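Please keep the model open beside the text as you read.

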Amino acid sequence: MFRMWGKVFADNHLLKDFVVENPSLDMTRTKKVFAALENIAHEFDLAVPIWLPSNISDFKRHAKTRFTQDSFIEAIDFDYLEIQIIEED
């Protein structure tokens with residue numbers, strides 16, 4: 001089972017969180033990550049953030065990254081969206 005945790009923070013406080021599960025064994029890890037990010041963005045009523053080089057680097061290293069205002073086209077009312085893989089197949 002693949003699970004990703006999405007969290008929204010403002011002023012160092014967790015505002016909301018959501019866990020996406022994907023039991024599919026047919027999808028690659030990358031496809032699961034993108035699908036989970038889309039689900040998290042939909043749950044929080046956000047546009048899907050843009051992956052910047054720093055996000056890619058952090059995610060490769062730690063299976064976790066933060067999307068700040070730079071990753072969003074529209075203005076956001078929080079400091080950052082953090083995603084983290086909490087379980088992989």
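Helices (H or I, at least four residues) and strands (E, at least two) are DSSP runs, numbered from the N terminus. This is a predicted model, in which local features need pLDDT of at least 70 and side-chain atom pairs count only at pLDDT 80 or more, while totals for chains, interfaces and linings use all residues. Residues are numbered from 1 along each chain as its sequence is written, and side-chain values use heavy atoms, with hydrogens and water left out.

Aspartate 11 is not a glycine, yet its phi is positive, about 50°. Asparagine 12 lies in the loop between β1 and β2 too, and has a positive phi of about 60° although it is not a glycine. For accessibility, buried means under 20% relative accessible area, exposed over 50%, and partly exposed in between (1.4 Å probe, protein chains only). Aspartate 11 counts as exposed because its relative accessibility is 60%; asparagine 12, at 70%, is exposed as well.

## Helix α1 and its two faces

The buried residues of α1 are Lys32, Val33, Ala36, Leu37, Ile40 and Ala41. They sit on the same side of α1 because they cover an arc of only 165° around the axis, the arc being that of the directions from the helix axis to the C-beta atoms. An α-helix has 3.6 residues a turn, so residues three or four places apart point the same way. The face turned away from the buried side of α1 carries the exposed residues Lys31 and His42.

## Packing in the interior

Contact means heavy atoms within 4.5 Å. The buried residues of α1 pack against β1 (2-10), β2 (13-22), α2, β3 (64-67) and β4 (80-87). Leucine 37, in helix α1, counts as buried because its relative accessibility is 0%. Leaving out residues up to four places away in sequence, leucine 37 touches Met4, Val48, Pro49, Trp51, Phe67, Leu81 and Ile83.

Asparagine 55 lies in helix α2 and is buried, with a relative accessible area of 2%. With the residues up to four places away in sequence not counted, asparagine 55 touches Ile50, Thr65, Arg66, Phe67 and Ser71. Aspartate 70, by contrast, is placed in the loop between β3 and β4 and counts as exposed because its relative accessibility is 62%.

## The largest pocket

A pocket is an open set of points on a 1 Å grid over the protein atoms alone, where a 1.4 Å probe fits, with protein on both sides within 12 Å along at least five of seven lines; lining residues have an atom within 4 Å of a point. Grid points are joined across faces, edges and corners, and a volume is the space filled by probe spheres set on the points. The largest pocket holds about 180 Å³ of space.

Which residues line the largest pocket? They are Arg29, Thr30, Val33, Phe34, Trp51, Ile56, Phe59 and Lys60. Two or more of these residues come from each of α1 (29-43) and α2 (53-62), and α1 gives the largest share, four residues.
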